[in-house]
Amino acid sequence: MGRFAQNDLAISPLEQFVRDYVDAREGVWDEIEPQVYDLLIGPEIVQVAFDPEALHEHPLAQLASPGSPLLDRLLGDAAERWSSVRLYRTGLNLHPHDLESRLRRAISLSADTTADIQRVRVMDFPQGIFWFKATFSSDQKEEELLPVGMDLHYQREVRHLEPLLSSGLLSPYSDISLPEAPHAGLVAGYRAGRGHAARTVAALANSRRRQWAGAIEKQIARMSAYYARLREEVGEQAARGADPAAVAARTVERREAIDREERLRIAELRQKSAIQVRIKLVSFMVVHQPKLLIVVNIRTKSGLSAPLEAVWDPLTDNIEPIPCPGCGRPTFAFRLDRGGLGCSSCPPVRHATRAQR
């Protein structure tokens, strides 16, 4: 396996990927000087340099940079070998101080309504992380990698991917055995994640379309100016002709030919510049994260009561927005009446008769 290098705390993400890749392939890497490595992967020995200036002193080294053949080969092999993984988020505080007071501050209720915790249970909440590759093609081609995280319990997008995937706090093994919280399957999470990715890709495509359309219009303007000069030259030649009738007929034919060619070239240019978008799932990860599932009793002074489930996320140290029992929208504001428990956005008649006297 790889050995510890003096500058481990200052290496680039690209270097870290190559070192992790070699370790995962059960190979050996040796940093012979800063940003220059000897790699042993299977029977193959390769010398790589991450600094182009180092190639002068190491002419046998291959440059490892974005888009280089070496890095493309390693990335392609890694994608084929490890397109999915299951990990466990560790290092979280599962004993928040004064949870009931924090819950009451988070939930907005009317003056005559209170929220009391009935039961708290630590459970495993799977989070699906999907990496989509979007390809934008016209007369040029660009690619974008889009990570989308989905909380499979709520089928809600994860907004804090960076702390969830924090380096050093993901383990292939769970440090505590927990029951899984109710959640949708991975396929449902993928479909929801693809929907989020599609909206992002649509915005990126529109941005590129505006950007590329500006360049195309400049090309069309230059092309139109070129054909305009051709028409002017035809007119000048006609003015110098000896036989006005014959020259006029040839002038009309030549101008019509120029017009047809101009229309054809502009149509071809517009067709080539049309953006085609493809989106593809390239890898996914399931991260199991412990959270607190809280059963709350909502009670009014008149004697009405209804249960409500809330989730406390130790990663953000907050209560997550709670789906309204009536309309399903995430909220923190609730009211309880004879029609049931709901939020201010949905009429009482839509609530199930869960309230009990």
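Reader: Is I45 buried or exposed, and which residues make a nonpolar surface patch with I45?

Author: I45 is placed in strand β3. Its relative accessibility is 67%, and the cut-off for exposed is over 50%, so I45 counts as exposed. The nonpolar surface patch covers about 260 Å². Besides I45, the patch is made by V28 and L40.

Reader: Where is H56 found, and how many Å lie between H56 and D112, C-alpha to C-alpha?

Author: H56 is in the loop between β3 (44-49) and β4 (62-63). With 71% relative accessibility, H56 counts as exposed. H56 and D112 are 56 residues apart in sequence, and from C-alpha to C-alpha the separation in space is 78 Å.

Reader: Which residue meets D77 in a salt bridge, and how many residues apart are the two?

Author: The side chain of D77 meets that of R25, at 3.3 Å from N to O. The pair links distant parts of the chain, with D77 in helix α2 (residues 69-81) and R25 in the loop between α1 (13-24) and β1. D77 has a relative accessible area of 22% and is partly exposed. The partners, D77 and R25, are 52 residues apart.

Reader: Where do R104 and E100 lie, and how many Å separate the closest N and O atoms of their salt bridge?

Author: R104 and E100 both lie in helix α3 (residues 99-106). They are 4 residues apart, about one turn of the helix. In their salt bridge, the closest N and O atoms are separated by 3.1 Å.

Reader: Over which residues does pLDDT stay under 50?

Author: The chain averages a pLDDT of 85, and 91% of the residues score at least 70. Where pLDDT is low, the predicted coordinates should not be read in detail. pLDDT stays under 50 over residues 1-9 and over residues 349-357.

Note on methods:
Residues numbered from 1 in each chain as written. Predicted model: local features only at pLDDT ≥ 70, side-chain atom pairs only at ≥ 80, totals over all residues. Heavy atoms only, no water. Buried < 20%, exposed > 50% of the residue type's maximum accessible area, 1.4 Å probe, protein only. Patch = residues over 30% accessible without salt bridge, like charges linked within 9 Å, V, L, I, M, F, W, Y side chains within 5 Å. Areas by Shrake-Rupley, 256 points an atom, 1.4 Å probe, with all protein chains shown as cover. Salt bridge = Lys/Arg side-chain N within 4 Å of Asp/Glu carboxyl O. pLDDT = per-residue confidence, 0-100. Contact = heavy atoms within 4.5 Å.
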